[in-house]
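Subject: A structure for you to look through

Dear colleague,

I am passing on the structure we spoke about, with the sequence alongside.

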Amino acid sequence: MNRRTLLTFVLSVVAILLASARLSVAGLQDNQTLKLPCGHLVKVLSVSKVEYSKGIMALMVRYQTNLSVDENKALSDEVDDFWKIAVKDVEHYGFHAAIISSNEIPKGMFVTANRMLNFIYEKSSDGKWHRLNRSDFMAAE
């Protein structure tokens with residue numbers, strides 16, 4: 001094998017390794033469509049870090065659902081399913097809190113409006129994640 005062929009081969013292998021490494025840490029991305037374990041298709045609207053409640057930093061993931069915020073049980077189950085995917089990013093970036101914002105599809109022709117519900121997940125000292133119930137985080141605001 002001559003030097004040029006060897007160099008081309010090595011560069012190809014490095015490019016493949018870098019591409020696969022990028023895919024493994026890509027995680028959630030804006031405007032990404034996901035199929036949840038329950039089978040629902042949702043669209044990631046945005047992923048950002050936010051400060052909430054006494055300076056605690058959290059990863060906030062906004063997604064669009066086909067469900068209504070009035071469908072309490074179904075939405076709660078969907079958010080828990082979405083969390084199974086989002087928790088990987090939250091832990092990868094070292095956060096101990098996350099806000100999952102479930103957003104309805106906007107309604108209206110000229111003036112649009114949509115409703116949303118936020119669900120907060122916190123990591124306890126034992127390393128386990130817990131979703132706060134509505135009264136827990138409504139009282140904290």
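The accessible surface of the protein comes to about 9400 Å², and 58% of that surface belongs to carbon and sulfur atoms. Please keep in mind that this is a predicted model. Of the 141 residues in the protein, buried ones make up 29%.

The secondary structure comes to 3 helices and 6 strands, and from the N terminus on these elements run α-β-β-β-α-β-β-β-α. The 6 strands form an open sheet with mixed pairing, in the order β1-β2-β3-β4-β5-β6. At the edges stand β1 (33-35) and β6 (129-131), and because each has a single partner strand, one side of each is left without a neighbour in the sheet. From one strand to the next, the twist averages 30 degrees.

As background, strands of a sheet pair through backbone hydrogen bonds, either parallel or antiparallel. In this sheet, β3 (residues 56-64) and β4 (residues 97-103) pair in the parallel sense over 6 bridges, and Met 60 has Ile 99 in β4 as its bridge partner. Helix α2 (residues 72-92) packs on the sheet, where it touches β1, β2 (41-52), β3, β4, β5 (116-123) and β6, and its direction makes about 135 degrees with that of β4.

Which aromatic residues form one cluster? They are Trp 83, Tyr 121 and Trp 129. A search of the whole structure finds 3 aromatic pairs. The pair of Trp 83 and Tyr 121 is stacked, with 4.1 Å centre to centre and 5 degrees between the planes. Since Trp 83 lies in helix α2 and Tyr 121 in strand β5, this pair ties together parts that are 38 residues apart in sequence. Trp 83 is buried, with a relative accessible area of 10%, and Tyr 121 also counts as buried, at 2% relative accessibility. The rings of Trp 83 and Trp 129 have their centres 5.1 Å apart and their planes at 65 degrees, so this pair is edge-to-face. It links helix α2, which holds Trp 83, with strand β6, which holds Trp 129, across 46 residues.

Finally, please look at Glu 104, which lies in the loop between β4 and β5. Is Glu 104 buried or exposed? With a relative accessible area of 4%, Glu 104 is buried. Its side chain is joined to that of Ser 68 by a polar contact of 3.3 Å, and, leaving aside neighbours within four places in sequence, the residues in contact with Glu 104 include Gln 64, Thr 65, Asn 114 and Arg 115.

Key:
Residues are numbered from 1 along each chain as its sequence is written. This is a predicted model: local features need pLDDT of at least 70, side-chain atom pairs count only at pLDDT 80 or more; totals for chains, interfaces and linings use all residues. Side-chain values use heavy atoms; hydrogens and water are left out. Two strands pair if DSSP finds at least two bridges between them. Helices (H or I, at least four residues) and strands (E, at least two) are DSSP runs, numbered from the N terminus. Axes are lines fitted to C-alpha atoms, for helices over the stretch in contact, and angles run from 0 to 180 degrees between N-to-C directions. Contact means heavy atoms within 4.5 Å. Buried means under 20% relative accessible area, exposed over 50%, partly exposed in between (1.4 Å probe, protein chains only). A polar contact is a pair of N or O atoms within 3.5 Å; within protein, one must be able to donate a hydrogen and the other to accept it, and residues adjacent in sequence count only if both atoms are side-chain atoms. Accessible areas come from the Shrake-Rupley method with a 1.4 Å probe; for residues, only the protein chains shown count as cover. Rings of Phe, Tyr and Trp (its six-membered ring) pair if their centres lie within 6.5 Å; planes under 30 degrees apart count as stacked, over 60 as edge-to-face and the rest as tilted.
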